[in-house]
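Please keep the sequence and the structure in view while reading.

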Amino acid sequence: MTHAARSAYGPAVPFLPTETDPCGMILNEADFSRSAVPDAPFKSARFTLPAGSSTPPDAHDESEVWFVVAGGGSVAVDGVRRPVTAGDMVSFGPRQRHVAAADAGEDLVVLSMWWGGPDDR
């Protein structure tokens, strides 16, 4: 993609098509390849968990940071659960088991950024 084609998006980073996980999570992964920064050193997504739902336990080779954009709930990392609300940030390293839950009676909206996995080498 040429710089001119990328600059058509301006500073906005477009998203790939929306995915819905079996747990009800709505996932929008950023498509940096169509942005002004196609070589971003990380990947990013926004996900929304409907009230009362949770993600399945996950662990992977990447480091990750979650920023809670809206709502509230809890996040467990390696079995340690803590409440989260808009404005909170949670981080975990490679292979740390993590789960997000929208267990505060409202949807939980999170911006996730990750790096350091096999695809980033």
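Of the 121 residues of the chain, 37% count as buried, where buried stands for under 20% relative accessible area, exposed for over 50% and partly exposed for values in between, with a 1.4 Å probe and protein chains only. The model is predicted, with local features needing pLDDT of at least 70 and side-chain atom pairs counting only at pLDDT 80 or more, while totals for chains, interfaces and linings use all residues. Residues are numbered from 1 along each chain as its sequence is written, and side-chain values use heavy atoms, with hydrogens and water left out.

**Overall make-up**
- The secondary structure comes to 1 helix and 8 strands, given that helices (H or I, at least four residues) and strands (E, at least two) are DSSP runs numbered from the N terminus.
- From the N terminus on, the order of elements is α-β-β-β-β-β-β-β-β.
- Among contacts with a separation of 6 or more, 62% join residues 24 or more positions apart, a contact being heavy atoms within 4.5 Å.

**Strand pairing**
- β1 and β2 pair in the antiparallel sense over 2 bridges, where pairing requires that DSSP finds at least two bridges between the strands; Thr-20 stands opposite Ile-26 in β2.
- In the hairpin of β1 and β2, 5 residues lie between the strands, and Gly-24 takes a positive phi near 100°.
- β2 also pairs with β3 in the antiparallel sense, over 4 bridges, and Leu-27 has Phe-47 in β3 as its bridge partner.
- β4 and β5 (residues 80-85) are antiparallel partners over 6 bridges, with Gly-72 opposite Thr-85 in β5.

- Leaving out residues up to four places away in sequence, Trp-66 touches residues including Phe-47, Val-75, Met-89, Phe-92, His-98 and Val-110.

**A buried asparagine**
- Asn-28 lies in β2 (residues 26-29) and is buried, with a relative accessible area of 10%.
- The side chains of Asn-28 and Thr-18 are joined by a polar contact of 2.6 Å, that is, a pair of N or O atoms within 3.5 Å in which, within protein, one must be able to donate a hydrogen and the other to accept it, and residues adjacent in sequence count only if both atoms are side-chain atoms.
- Apart from neighbours within four places in sequence, Asn-28 is in contact with Phe-15, Thr-18, Ala-45 and Arg-46.

**Positive phi values**
- Most residues other than glycine have a negative phi.
- Asp-78, in the loop between β4 and β5, has a positive phi near 50° without being a glycine and is partly exposed, with a relative accessible area of 45%.
- Arg-95, found in the loop between β6 and β7 (98-101), likewise has a positive phi, of about 65°, although it is not a glycine, and is exposed, with a relative accessible area of 58%.
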